[in-house]
Amino acid sequence: MTASIVNCQQITKRYGDKHALDELNVSIPENKIVGILGPNGSGKSTFFRMITGLVKPDSGEIEVLGKRPGSGINREIAYLPDRARWYPNHTVAGAFEWAEKLLPGFDIANAKELADFMEMKRDMRVSGMSRGQEARLMLILCMARNVPLIILDEPFSGIDVISRERIIEGMIDYLSDRDQTILISTHEIYEVEGMFDYAIFLNQGKAILSGDTEELRAQYGSMHDIFRQFYRYGKGGF
């Protein structure tokens, strides 16, 4: 039986009258690439922030790496939030040197390998980068860490289609022999669904469908087809 790296039982989080998470029950298997999917406002970013301890549940229980989220386990998590930014005066090389000193598990050799693959020159300054180039740098800084859990919230935002395809292919190769769990939230489902071993579909703060992607495809069709059902049926209902 596959062990779980994240377990949630009846997790609820409200912001005023709005439920960001509504009695969420989720168990995420370890050493898998997991798609956390759903429309805007379905609770994906709140769920990620709760895993890292940045947000506390109003009720329910959550375990990450067998412990409660917070500073005690954050050295074992690499988190790339939506709309992350980097220091504008740094070069790519400077960002790697900073990360090697301050980010637990950061492997500068892995970072350089990823940078070469993503065509990021070491002397490129962040202040002169396009949005897509900066997104690549942030992705490299996260992916180059040797930690058991990596969380990527919309990591391909701002990256052009051709570059996305190449980066996704490289990520699949890079992650194929690594014992890490990768959680990815993205709207580019059609392009990236081949990465996923497991998928969880959220809507209005609830997990309405989850499972091994091959089993889900056999029953419902592609991840992209399933995703479209969220918009068609609102709360889902397969």
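Modeller: Happy to, and let's begin with a cysteine: Cys-142 counts as buried, at 6% relative accessibility. Keep in mind that this is a predicted model.

Biologist: How many disulfides does the structure hold?

Modeller: Take Cys-8, which is buried with a relative accessible area of 4%. The closest cysteine sulfur to that of Cys-8 is in Cys-142, and at 19 Å it is too far for a bond. Cys-142 is in no disulfide either, with the sulfur of Cys-8 as its nearest cysteine sulfur. The number of disulfides in the structure is zero.

Biologist: Are the rings of Phe-96 and Phe-106 stacked or tilted?

Modeller: Both residues are buried, Phe-96 at 1% relative accessibility and Phe-106 with a relative accessible area of 9%. Phe-96 also touches Phe-106, along with others including Ile-108, Ala-111 and Leu-137. The ring centres are 6.3 Å apart and the planes sit at 45 degrees, so the pair is tilted.

Biologist: Which parts of the chain does that pair tie together, and how many residues apart are they?

Modeller: Phe-96 lies in helix α2 (residues 92-102). Phe-106 is in the loop between α2 and α3 (108-117), so the pair ties together parts whose separation in sequence is 10 residues.

Biologist: Which residues do ring pairs link into a cluster?

Modeller: The structure holds five aromatic pairs. Ring pairs build a cluster from Trp-86, Tyr-87 and Trp-98.

Biologist: Is helix α1 largely enclosed or open, and which of its residues are buried?

Modeller: Helix α1 covers residues 44-51, and six of its eight residues are buried, so the rest of the structure largely encloses it. After α1 comes Gly-53, with a positive phi near 85 degrees. The buried residues of α1 are Lys-44, Thr-46, Phe-47, Phe-48, Met-50 and Ile-51.

Biologist: What does Thr-213 touch, leaving out residues up to four places away in sequence?

Modeller: Thr-213 lies in helix α7 (residues 213-220). Thr-213 is buried, with a relative accessible area of 2%. With those sequence neighbours left out, the residues it touches are Phe-196, Asp-197, Tyr-198, Ala-199 and Met-223.

Biologist: Zooming out, what is the radius of gyration of the protein chain?

Modeller: The chain has eight helices and nine strands. The globule rule gives 18 Å for 238 residues, and the chain comes close to that, so it is as compact as a globular protein of that length. Its radius of gyration is 18 Å.

Biologist: What share of the contacts with a separation of 6 or more comes from residues 24 or more positions apart?

Modeller: For background, buried residues make up 50% of the 238 residues in the protein chain. Among the contacts you ask about, residues 24 or more positions apart account for 68%.

Biologist: Last one: which UniProt annotation covers residues 6-229?

Modeller: That span is 34% helix and 27% strand, and its end C-alpha atoms lie 26 Å apart. The name comes from an unreviewed UniProt entry, where the annotation for residues 6-229 reads "domain: ABC transporter".

Technical notes. Residues are numbered from 1 along each chain as its sequence is written. This is a predicted model: local features need pLDDT of at least 70, side-chain atom pairs count only at pLDDT 80 or more; totals for chains, interfaces and linings use all residues. Side-chain values use heavy atoms; hydrogens and water are left out. Contact means heavy atoms within 4.5 Å. UniProt positions are given in the numbering used here, feature names are shortened, and annotations may be inferred rather than shown by experiment. Helices (H or I, at least four residues) and strands (E, at least two) are DSSP runs, numbered from the N terminus. A disulfide is a pair of cysteine sulfur atoms within 2.5 Å. Buried means under 20% relative accessible area, exposed over 50%, partly exposed in between (1.4 Å probe, protein chains only). Rings of Phe, Tyr and Trp (its six-membered ring) pair if their centres lie within 6.5 Å; planes under 30 degrees apart count as stacked, over 60 as edge-to-face and the rest as tilted. The radius of gyration is taken over C-alpha atoms; the globule rule is 2.2 Å times the number of residues to the power 0.38.
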